[in-house]
Structures are given as C-alpha cells and as structure tokens.
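Here are my notes on this one, as promised. Have the model open while you read them.

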Amino acid sequence: MGRYVAVALPLFLFLTLLLLGLAGATTVVAGYSYLSKDLPDPAKALEAIVYDQQTGVYDRTGQVLLARLGSDRRELVDYKDIPPELVDATTAIEDKTFWDNAGFDPVGFVSAAFDTLNGNDRGGSTITQQLVRNRLLPSADIAPGSDRYQRKLREIIQSIRLTQAYPGDEGKQLIMQSYLNNNYYGNRSYGVAAAAQSYWHKSLSQLSLAQYAILAGIPKSPSNYDLVQNAVEDSCTGSDGKSFTCLTVPQDSPVVLRRNQILELMKTRSVKTPPGKYTDADYEAAKSEPVVLASQASESWRAPHFVWQVRQELGEILCGEPQCEKIDTGGYQVFTTLDYRMQRIVEKWVYAAAVIPNVSNPDKVLKDRGIPRSEWSWIKGLRGHNIHNAAAGVMDYRTGEVLAYMGSASYTAKGNKKFQPQFDVLSDGWRQPGSSIKPLVYLIGIDDKTFTASTMFMDVVTNFAPAGARPFLPTQADGLERGPVRLRNALQFSLNIPAIKAGILNGLDHQFQRTKDFGLDYPSTAAPVVSESIGTLETHPIDMISAYGTIANGGVRMPRHTIMKVLDSDGNQVWPPANLKPQGERVVSRQSAYILTDILAGNTIDSVNPFWGKWKITDGVTGGKTRPAAYKTGTTSDNRDVHAYGFLALPSSKNDPALVAGVWMGNSDNSPNDGKLSLDTSAPLWSAILSDVSKGLPIEGFRRTKPKGIDTVTVDAFTGMLPNGATVKRVDELFLPGTAPTKSASYAVAVDVDAASGLRWRDGCVGPMVTRSYVDYSRAETGFKSWQRADAGWQARAAHGPGAAGGPKGTRTAYFYGGGFFPFGRTWGGGGFAPTKMCPIGPPPPPPPCVSTDPASPCPSTEPPTPSPEPTHTPKPTKPPHP
C-alpha cells in the first residue's frame, strides 16, 4: 500500500501543476500567492542558514587541537575546497540534472514515481528540494500533522525561487556547498568534511575515488549506511608490514553496493571532474577498493581539566554565564592560553609524583616516562606514604594567562576513593593552604606599615584562645621554641607562632578581607579565625597561584584567564573587542611586594636557608645553572594537604613568560599522608616542574626589578632594632620609607650579680658584687599580657640553655635555627639572660693580700711563728768558765 501512496503523491502533484498551467493566469497567480505565503525570502537564504557546529579549542599556537565541544561533529567547507569527484558522485545519484534544472525536475519527479511502482524505490526530489525541505521551509510545514501535499508544493515553489535568487553556475555552486555542509553522514557527522574526518581522519582532498562515491551514497539513509555501524573487526597490514586490528566494511554490505552503483553512474554522469582524469578501468578498480576505517576510539581531550575551565570562561564570554548552548553549536574557534609544551611537562611530573610511587615496578615506569635518575630518589621516597593524587598549574603572572593546568594526576586513569582523576582539585577543590598563606599575612602587615621585615616576634608557645575558651596552643612541628626571631627569618623558616601573632596585629577581619584582594575565594561559611594565619581556612589552589603571581608582579593582580581570542564559524573575531586591554588591580605597593619577594628568594639560596634551598630552581632538571626564584611551602597540621608556590624574576623581554607555579599533593578523600611534609613532597615537585618549563629561558635576578623608595638599614640580627653594645650579629634589612628603626632595642637590663656564684646579688653573699648587662625579652610584646607571660616562662627556661623543656606543651628551648645551621651563632643575642636565683650567704671574706715595695715597712708575715726549743736542766754556772 505504501508503494502506491508514494506513486500517487508525485502523480497528483504533477497533474496539479499541469492543471494550474492550463488554468487562467489569474488562477495561477492566486494559487502561487497562497502557496508561497510566509515562505522565507530566498534572496539571501543560503547566507542566513545557521549550521550547528562543534566548537574547536586550540592551544595558544592554534596548531594543537585540545578538544571539540558539542556532541555532533560538523565542519563547514567552501565549494572551492570540495573535490569535483565528490560533487559528481553526489549529482550522479541524487540529481543528474542539477546543473541545468530550475530547482525542480518534473520529468525526474514522475520518473521516480514509476520507478518506485516497479520496485526500484528512489526519491524524486532534486538536491535543491532536499536543501529547501531541511533548511528553508517554515517549521509549521514540517511539523507532525501538517498537510504533506501542500508542504510538497511549497517545497517546489521555494526551490524554484531559490534557484532564481542564485542564478547561473555560481548560484548552483552555493546551493551545492550548502547541501553538502548540511547533510548528515552518520557517525555523529554533519557535512562532508566532518564525515571524512570521522571515518578516515582525512581532509576531503586526501580521499580516494571510492571514498567520494561511498560518502555520496550515505545521505539517503544515514542510519542504515553509517559506515561504523556496518563495519566489522578485521586484520590489516600497516605500511611497516605489521598486522593490526582494524575496522572494515564488508564488500557485500548495502552501503558498498550503493557505492559501486554510484561509481558506475559516474562513468557517464560526471560533469565537474576534468575529462580523461579517470578511465572506466579506474572506476572498476574503485569498486574493489576495501573500505577500511580509521580507529574509532572515542575522541579524547588534551589537557581535559583545562578544557573544562575554557568551557566555563567561554560561556561567560558568549552568554554571560557558564552554561551556554552556543558553545556546543556555534562552531567557534577558541585559541587558548595553553602552552602545550609546558602542559606535557606538568603532566609528566605530576604523574611521576602521584601515580608512579604506587605502581608495582616504579623503576621501570620512571625509565619509560623519561624521568631523570637524579629525581628518582624523592619520587620513590613517597612510596608507602599514602599520597595518591597531585595537581599543578603554571601561569604568566604578567598577563594572567594560564600556561599549563592539571587538576588531578590523570584524567583517564582508573580512580578510587583516594584518587578521583576527573575531579579538578585546582579550581573545584577546597583545600587548606597551610603555611603557604604566610607570605600574604606578612605582606599585608608590611604594606599597612603595621610591622616591618625586621620586626621581632617571640617564637614561644602561647595560648591564643580568649578567656574561658578551649586553649589554642600551636607549636612548631619539631617541638622547639626559638625565642626572638625577626619577621624575615620567621617567614623563611615557616615558624607558626610569629605568623599567628602577625595576623592578630593585622586584625583578623581586616586580614581576611585583604586576602580576597589577592584573588582568594573562601567557602560561604568561612569567617575570620586566629588560625587563619597558618592556613586553616580552605581556598582553591589555583587562587593561591594567582596570589603568588600578584606578589611577583609587583603587587598587581592580573585577571586570570584561559582564552586569548574567539573566532566565529566565519573566522571573524568575536572576542576580545579591539579596544579591550587587560587591566590589573594594584593590591599592594611595588615596594612592599619587592620586600616580600626578597624574603622568599632566600628560600632558594643554600647559605640563607639550606633546608628549603635544597629545592632551588635550575636551568633544566638535570643540574643546570641556578635560576633565582622565590617560593614557600605549606603543610597542614594533620598532613592532609601539602603545597608549594613560587615564581621566577620578571623577564626583561616581554616575549618571555613571567612564570609562577604551584602544586598540591594529597588524597581525593582528604585522608592524611603518612608523615610526609612539604619539603619531602610538594617542594621537589614544584622545583622539577618550574626547572623544566623554564629551561632555556634567560636567567635573570630580582634585584633588576627593585623599585625606588626602599631603605636599607643595618639592624641587630635578633631584635631588629639598631645595633648597640650588646649586639652580637648585624644584618642589613629592607624598609618602606619611614618604617626603619630609629633607636636601639630596649631589652637590655643591668643586673647586680655575685661575682663568686654568678647569681643575683644580695647582702651577705661571698661577693664581690659586679654589674652586668643582660637581655629581657619578657618586656618585648608589651601590648599582650598573655604573650608576655609566655615569653617570661620561656626565658626562665632558656636561662638554663638550649634543650630546656617545659611550658604548656613541653616544648624545648632552641637557638635559631637548628640541624647544625645557626646563622647568628648559638645565642639568643645580647649578653644572655639575667640569673633568677639569689646568691648564697657566705663567711666574711679574708683580708686582701698585702703588697709592699718599701723595705722599711714590710708586710707582716703571714707565716705562723717558729716555736722555741725545750730548755735543758743543766745547773746554771755562777760565773763564766775559763778559757
């Protein structure tokens, strides 16, 4: 029954048109006017067609395709780029009179009807009609339930109008171009160019005669003729002679038989192919060509975590919000900020640090992945310490461009609770930054002139909780209290208690708000707390990279972005506008940023900080020349998160990137690692990444960018004040104008002591009494009584020397710093601490010894008198004896 309906319809339409022609002109005009009502103006119809196209995302060079956004593939192509063989194959099977007809072929229309009646089912619509039906009829005409006869008449009328609007061979070319770009070719591919890529990974110009013919045959029934759906696994031989599994379409499949039919028709119906280019033998040979498809593995994105960030930013550009349909259908070309060379380096090192330590044979994988042997030790040292994930990013802090981005250690690897590969820790993860927040704490205070790089803090365990609250007694991981330290040293060696004191001096509310100026974002429930200065408030690692970039950029925060420019499907630039220039926001002064940078730069200098300096930056990973850099690490109190962030000096050439990099390591389920601190984990990973991505760049230092308006003053290494007679070590320090000390420290005290015992003097001691100079650090932090009480307790213990344990946490006194490294000597400065005990009462002292040079007044003998001899009992003579 369906066959007879298919015949009746075209016959009816043909007879209707014939009768209209026989009728009077008035009737024809009236019928035409009625049927053409509401049809789109064909004058510019082809140019007005909007094709849904995937959006292509590229690296900064435009040479590396990172991803295609959108579920369906489509690539538009100009007629001049369509091979003539494909055009001839299409007209041979779909519309042999295409180049001559008026958009409608009455003879072909009726002929198709009779062919259908005889069992050779084929459509009678011209190529122009097919295009009109799909693109140039009102939606009501093609809606379910619409009058199919009327729709067919309107289709014919619109096809004729379209051909009149686009006359001649040039007009026909535009119609053919639109038709081939619009057709669906199966395998989620719209347009011939997309089909060539999806089936064979080739451009149209690279296809064979047989492939042109098979493409031309698909649009009649894309679901039935989809080459992938018709393919079977087979064994193929590569150009190297090796066998591999491939997909082939059997020679007896309907789509291949249709291909062969088209090749046969092309022998006599080719119009655009140059005469003589192919012989009948060539067409026959093409019929035997195997249909071998390219690999149909699902398309994988390059830098997938980065692409998701691009997608969000693109949505904001196109629609004002991240969710935007235009992304998937607009056919945009997006040129991103990604440096694909740097991206591959970051991927290599993040995988090495987080995944390789947990594989069964790390040595083999390290070798296969090209990891230098000089780095194997720290990587293998992570084995068995419960670290399963990592993330890293690299930015150009001068422009705000994201150059490399890896949100987890792998995007496609098999995941588990501790390693969720598709979760983006950098931008979506809330992580405590630990001590990596400390540079911002100190920088805020320096810029506000609340304190200076020379300000002394007492590194003494103190209860920072308000009265009546649960005690908050932070300590250092090594359980030591080092007493007087200047801000510079406290930051370089990451001491916790000075940072908390600095935050309180800043004002916690003020500090919380100021960190947002550096680009930090916090959960909506976050609020200022005392512990914020040691990084207990969660934030995003990518924001920490931006914050460090702000320090590096002289205190100016550049907007972080992933997109350089966006072109529409016609190649016109839609973003950024021609007059748009990225504007940075000044967060702190250049002078303050430089002072903080100078402090952090010491962490890559062995003579300043041999512990952090171990992970200095070199020109390449394998031990090139040292490259000046500044960095800080962070470890949370329970070892759940370890971080490292740092940057290189601003390059002289604007063509060279100004690099800042950051890394995070931990577990996706937030479980703690087994005893590994940042110096064992994130620091070497940060060093490897930044050394590798900067290889070959000019080596430049920070002093070149030192701004005017910074004073250099010599101070006491312990008190940070001007030196005095009690100073044991002097250092040069940097100051904002008007903030340098103008007097010596007032911590010196004069105390009377008993020279005999060394204890405090009191009457009755052995003596003699002498007056000596000491330091009294309990007088240092006068604005906080609880701090002073803790300082006094520490000082009393320290009076017994280093290693004296006590205080609320049983911590031990220590000189600055430790581990055999004491840059200012084994002392706490000044003359030491005054004795606290009184001298003992003793007997009267002996008289001083007599010293005389006058023979007439000799000193009395101190020897005991010589005893007289015992007398004899001989009778005494009465007179002397005679001689």
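1. I'd start with H10: Leu 209, Ala 210, Gln 211, Tyr 212, Ala 213, Ile 214, Leu 215, Ala 216 and Gly 217 are buried there. Buried means under 20% relative accessible area, with exposed over 50% and partly exposed in between (1.4 Å probe, protein chains only). That is nine of the nine residues of the helix (209–217), so H10 is largely enclosed by the rest of the structure. Helices here are DSSP runs of H or I with at least four residues, strands are runs of E with at least two, and both are numbered from the N terminus.

2. Before going on, a word on the basis: this is a predicted model, where local features need pLDDT of at least 70, side-chain atom pairs count only at pLDDT 80 or more, and totals for chains, interfaces and linings use all residues. Residues are numbered from 1 along each chain as its sequence is written, and side-chain values use heavy atoms, with hydrogens and water left out.

3. Next, have a look at Asn 101, in the loop between H4 (84–94) and H5 (106–117). Its relative accessibility is 9%, so Asn 101 counts as buried. Setting aside neighbours within four places in sequence, Asn 101 is in contact (heavy atoms within 4.5 Å) with Asp 95, Thr 126, Thr 163 and Lys 172.

4. Then the helix pair H21 (residues 438–448) and H25 (residues 541–552): their axes come within 11 Å and cross at roughly 40°. That makes H21 oblique to H25; under 35 degrees would be roughly parallel, over 145 roughly antiparallel, 65 to 115 roughly perpendicular, and the rest is oblique. Axes are lines fitted to C-alpha atoms, for helices over the stretch in contact, and angles run from 0 to 180 degrees between N-to-C directions. Pro 439, Leu 440 and Leu 443 of H21 meet Ala 547, Tyr 548 and Ile 551 of H25.

5. Last, the open sheet: five strands in the order S10-S9-S22-S21-S20, with antiparallel pairing (a pair needs at least two DSSP bridges). S10 (401–406) and S20 (629–635) are the edge strands with a single partner each, so one side of each has no neighbour in the sheet. The twist averages 10° from one strand to the next. S20 and S21 (residues 641–648) run antiparallel and are joined by seven bridges; Thr 633 has Ala 644 of S21 as its bridge partner. H26 (residues 590–601) packs on the sheet, touching S20 and S21, and its direction makes about 75° with that of S20.
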